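Please look at the structure below and read the explanation alongside it. It starts with one pair of packed elements and then turns to the chain as a whole.

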Amino acid sequence: MRILVINGPNINMLGIREPDIYGKNTYADLCEMIESYAAEKGVEVKLFQSNHEGSIVDEIQAALGKFDGIVINPAAYTHTSVAILDALKSVALPAVEIHISDVSAREAFRQISYAGMACEKSFIGMGFEGYLRGIDYLMSR
Ligand code: DQA
C-alpha cells in the first residue's frame, strides 16, 4: 500500500511556531515518526510539505495512479482552499484530514474545513498521533 502524506504551510515550522499549541517536536520528528510507523506496518509513504497552495494541488493531482490514499493536513489552507478541495475530489483517492491542534476549540475562522469535505475521516487535536491514526484508517479500509 502506498500513502501520500501532505502537510501545508508552516508545518515545516513545528517546534518553533506556537509550541503551546503545536508542541515542541519538529517537522523532522514528525517525518521520522511517520516513516518508522509506516515501515513497521509495511506501508510505503511519501512525505510532502509545501507553503504553496498550487504546489499542494499539483502534488494531489500527481498522486493519481501512484498512491492508494492521502493523509493531509492542509494547515491554514484547510479553511480557505476550494482548490485543494477540488483537487482531492478530482483524484477521488481515499483521503483523511489531520489537524495537530483541536481546531474545533479555536477561532471561528478555523471552524470551516474545505478539504475535510473530500475526506472520509478527520483526526483532530490528537497531536502527531493523528497522522498514525490516519494511516491506520487507510490500511483498514
Ligand atoms: C492546523 C490547524 C490550522 O488551523 C492551522 O492554520 C495550522 C495547523 C493543525 O494541524 O492544527 O497551520 O492544521
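This is a predicted model: local features need pLDDT of at least 70, side-chain atom pairs count only at pLDDT 80 or more; totals for chains, interfaces and linings use all residues.

On the H3 side, the contact is made by Glu53, Ile56, Val57, Ile60 and Gln61. On the H4 side, Ala83, Ile84, Ala87, Leu88 and Val91 take part. Sorted by class, the residues in the contact of H3 with H4 are 8 nonpolar, 1 polar and 1 charged.

How many helices and strands does the protein chain have? There are 5 helices and 5 strands. Along the sequence, they follow the pattern β-α-α-β-α-β-α-β-β-α.

Next comes the overall form of the chain. A compact globule of 141 residues would have a radius of gyration near 14 Å, and the protein chain, with 14 Å, agrees with this. The C-alpha trace spans about 35 × 35 × 25 Å along its principal axes.

Contacts can also be sorted by separation in sequence. Of the contacts between residues at least 6 apart in sequence, 74% join residues at least 24 apart.

The last point is burial and surface. Of the 141 residues in the protein chain, 49% are buried. The protein chain exposes about 6,600 Å², and 51% of this area is supplied by carbon and sulfur atoms.

Terms used:
Residues are numbered from 1 along each chain as its sequence is written. Side-chain values use heavy atoms; hydrogens and water are left out. Contact means heavy atoms within 4.5 Å. Helices (H or I, at least four residues) and strands (E, at least two) are DSSP runs, numbered from the N terminus. Ala, Val, Leu, Ile, Met, Phe, Trp, Tyr, Cys and Pro count as nonpolar, Asp, Glu, Lys and Arg as charged, and the others, Gly among them, as polar. The radius of gyration is taken over C-alpha atoms; the globule rule is 2.2 Å times the number of residues to the power 0.38. Buried means under 20% relative accessible area, exposed over 50%, partly exposed in between (1.4 Å probe, protein chains only). Accessible areas come from the Shrake-Rupley method with a 1.4 Å probe; for residues, only the protein chains shown count as cover.
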